[in-house]
Amino acid sequence: FFPNVSKTDYQGEVFRMVGFNTPGTWYYAESMSNEQGSVHVLNNTIYEMNTLVEDHLGIEITYEKVTNVVTGGEAFDAVQPTIMSGDDVYQLCILHPYYSYVKFITQNYALDFNELPDFDAEQPYWNAEVMDRLSINGHRFIGLGDFCEYAINMIYCNKDLLKAAGREIPYDQVRNGTWTLDEFFALTSGLYADDGDGRRNNKDTYGFAAMWDANGSAFMQGCDIYVATRNEEDLFELSLYGERLETMYTKLYDWSKDESTYIWSFGNRANESVKMDFLDGNAYFTHDKLGTLFLEAEFALGMLPMPKYDQSQPEYRHVNWGNNIVIPGTVRNKSMVGQALELMGYYSKTMVRQKYYDEVLQLRVSEAPDDRDMVELIYSTVVFDPGIAFCDGNNELWNLVYLPCFAIINNNKSISAYYKSNSRSAQRWLDNLFTKVE
């Protein structure tokens with residue numbers, strides 16, 4: 001298979017991207033290098049992808065990295081003047097998971113992906129489910145797919161500790177669909193061990209230890225609970241509150257109080273007297289972004305997906321806290337932009353992501369078949385939540401996005417009052433999105 005994009009010559013027309021990522025790590029690389037260790041391991045593969053697209057279309061791909069990032073809205077700030085003036089300067093914006101989407105869409109700065117003649121969201125390298133979930137009045141303003149650098153929270157385990165404790169890594173449970181919240185809670189409990197000083201602190205051994213932030217919130221989407229979904233009128237409505245959320249949260253709250261569970265807030269991320277380092281080998285499980293954080297571990301490292309709510313949930317779910325993409329409304333050559341995106345989506349799936357599995361994560365099939373299976377499953381079950389995408393500008397919606405994080409850190413045994421105090425303003429905010437888009 002190859003995208004339905006004929007070889008053509010746009011005579012050096014520029015396809016300019018803007019984002020926060022460092023060149024050579026995703027999306028764009030400046031040059032090919034033969035020096036070992038001098039560039040990111042993906043650099044040459046990304047450069048090859050860029051070159052293949054450039055040669056196929058006769059274009060020049062460029063990239064502008066946003067610096068001095070404080071809020072995450074700086075990519076919008078970079079392109080706004082050119083959009084306001086009507087200049088076709090940028091062809092693609094690579095954004096934070098929630099900053100700036102509301103501004104792009106409500107100010108009529110974003111192009112509908114459906115307007116690109118050669119863009120095909122149904123191809124396997126795009127996530128049509130997410131794009132449709134985020135659409136407004138039938139317009140796909142936000143794109144997601146293999147071309148995007150994901151940030152996905154998942155479960156890591158210390159295989160050596162588990163083996164010593166006589167506990168099985170649940171690879172088979174994952175495969176047969178029985179890896180659930182209850183199984184996760186049971187597997188991480190009963191494992192606390194004091195270091196000998198008689199005090200419960202960050203020197204002890206725990207069944208689970210992790211900073212509790214967006215990763216904690218990912219349990220919602222992992223359990224197929226979304227802050228906002230589309231109703232029968234095709235409008236966004238808050239959909240998280242109900243028996244399923246109450247049950248999930250009660251279990252999560254009780255588990256957070258278990259002796260074997262140790263969590264700390266984002267505010268303590270640098271506090272040496274509070275935080276723990278999974279690499280020290282004092283935790284059986286942790287919860288963090290899928291990536292290279294623990295490759296240097298001196299113990300055998302295992303990787304697992306987020307657990308399902310229960311066995312009846314059809315699929316595992318992993319919410320993306322990484323990039324989504326937006327096309328400025330000032331783009332003139334829609335054919336070129338659509339074709340470039342199709343080719344980069346295709347090469348990202350067939351070249352870049354495979355290199356990422358093999359070389360960055362070091363999960364070659366022959367060497368780590370189980371963990372490679374887990375990671376491929378995780379990447380094949382990426383979802384997103386309109387509540388996250390559109391919370392920028394409304395504190396109450398933002399509070400609901402982080403509900404499992406904030407409520408547990410604040411020791412809220414019940415979430416009903418928390419939800420009610422935020423829901424009215426959040427729903428009004430979502431309603432207003434549709435009134436501002438034709």
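**Helix packing and salt bridges, question by question**

Author: Let's start with one pair in this predicted model: the side chains of Arg-175 and Asp-373 meet in a salt bridge, with N and O 3.0 Å apart.

Reader: What makes the contact of Arg-175 and Asp-373 a salt bridge?

Author: The cut-off is a side-chain nitrogen of Lys or Arg within 4 Å of a carboxyl oxygen of Asp or Glu. Here we have an Arg and an Asp with N to O at 3.0 Å, so the pair passes.

Reader: And which parts of the chain does that pair link?

Author: Distant ones: Arg-175 belongs to helix H6 (residues 171-176) and Asp-373 to helix H11 (residues 369-379), 198 residues apart.

Reader: Why is Arg-175 called partly exposed?

Author: Buried means under 20% relative accessible area and exposed means over 50%, with partly exposed in between. Arg-175 comes out at 39%, so partly exposed is the label. Asp-373, at 37%, gets that label too.

Reader: How do you know whether Arg-372 is buried or exposed?

Author: Its relative accessibility is 5%. The limit for buried is under 20%, so Arg-372 counts as buried. Its salt-bridge partner is Asp-358, with the closest N and O atoms 2.6 Å apart. This pair also links distant parts of the chain, Arg-372 in H11 and Asp-358 in helix H10, 14 residues apart. Asp-358 is partly exposed, at 25%.

Reader: What about Arg-230 and Asp-234: what makes them a salt bridge?

Author: Their N to O distance is 3.4 Å, and the limit is within 4 Å, so they qualify. Arg-230 has a relative accessible area of 25% and Asp-234 has 37%, so both are partly exposed.

Reader: How many salt bridges are there in the whole structure?

Author: A search finds 21.

Reader: Which residues make the contact?

Author: Among them are Ile-46, Met-49 and Leu-52 of H1, and Leu-343, Met-344 and Tyr-347 of H10. By class, the contact has 12 nonpolar, five polar and two charged residues.

Key:
Residues numbered from 1 in each chain as written. Predicted model: local features only at pLDDT ≥ 70, side-chain atom pairs only at ≥ 80, totals over all residues. Heavy atoms only, no water. Contact = heavy atoms within 4.5 Å. Helix = DSSP H or I, 4+ residues; strand = E, 2+ residues; numbered from the N terminus. Nonpolar A, V, L, I, M, F, W, Y, C, P; charged D, E, K, R; others polar. Buried < 20%, exposed > 50% of the residue type's maximum accessible area, 1.4 Å probe, protein only.
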